[in-house]
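Subject: A structure for you to look at

Hi there,

Here is the structure I promised to pass on. Please open it and have a look around before you read my notes.

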Amino acid sequence: MHEARVSAQRKNKEKSPSAAADTETLNFKITIEFKKEFKGYAVSQGMTMLELLKEGFELSKRKRKH
């Protein structure tokens with residue numbers, strides 16, 4: 001029952017008026033251990049997982065420019 005409530009809450013957050021109008025889900029599989037490490041690191045840095053993903057992507061793009 002709790003899982004259904006959490007899932008419904010997530011869906012409601014995605015549809016909230018404060019969310020950006022043009023958003024899309026990025027869906028891929030990662031290991032449980034990677035998720036724990038990624039989430040733990042994001043929390044330790046005071047940021048969301050999305051913020052960490054975006055920052056990492058920007059750093060990767062800068063590193064690969066020639």
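Below is what was found in it, starting with the overall layout.

This is a predicted model, so local features need pLDDT of at least 70 and side-chain atom pairs count only at pLDDT 80 or more, while totals for chains, interfaces and linings use all residues. Residues are numbered from 1 along each chain as its sequence is written, and side-chain values use heavy atoms, with hydrogens and water left out.

The protein chain has three helices and zero strands, in the order α-α-α from the N terminus. Helices (H or I, at least four residues) and strands (E, at least two) are DSSP runs, numbered from the N terminus. Of the 66 residues in the chain, 5% are buried (under 20% relative accessible area; exposed is over 50% and partly exposed in between, with a 1.4 Å probe and protein chains only).

Now to helix 2. Its 13 residues reach 18 Å from the first C-alpha to the last, close to the 18 Å expected at 1.5 Å a residue (1.5 Å times one less than the number of residues). Just after helix 2, Gly46 takes a positive phi of about 70°.

How do the axes of helix 2 and helix 3 cross? The axes of helix 2 (residues 32–44) and helix 3 (residues 49–64) come within 9 Å and cross at roughly 95°. Axes here are lines fitted to C-alpha atoms, for helices over the stretch in contact, with angles from 0 to 180 degrees between N-to-C directions. That makes helix 2 roughly perpendicular to helix 3 (65 to 115 degrees; under 35 is roughly parallel, over 145 roughly antiparallel and the rest oblique). Phe38, Lys39, Tyr41 and Ala42 in helix 2 meet Met49, Leu52 and Leu53 in helix 3 (heavy atoms within 4.5 Å).

Finally, there is one aromatic pair. The ring centres of Phe34 and Phe38 are 5.7 Å apart and the planes are at 25°, so the pair is stacked (centres within 6.5 Å make a pair; planes under 30 degrees apart are stacked, over 60 edge-to-face and the rest tilted). Phe34, at 40% relative accessibility, counts as partly exposed, and Phe38 counts as partly exposed at 22%.

Enjoy exploring!

Terms used: Rings of Phe, Tyr and Trp (its six-membered ring) pair if their centres lie within 6.5 Å; planes under 30 degrees apart count as stacked, over 60 as edge-to-face and the rest as tilted.
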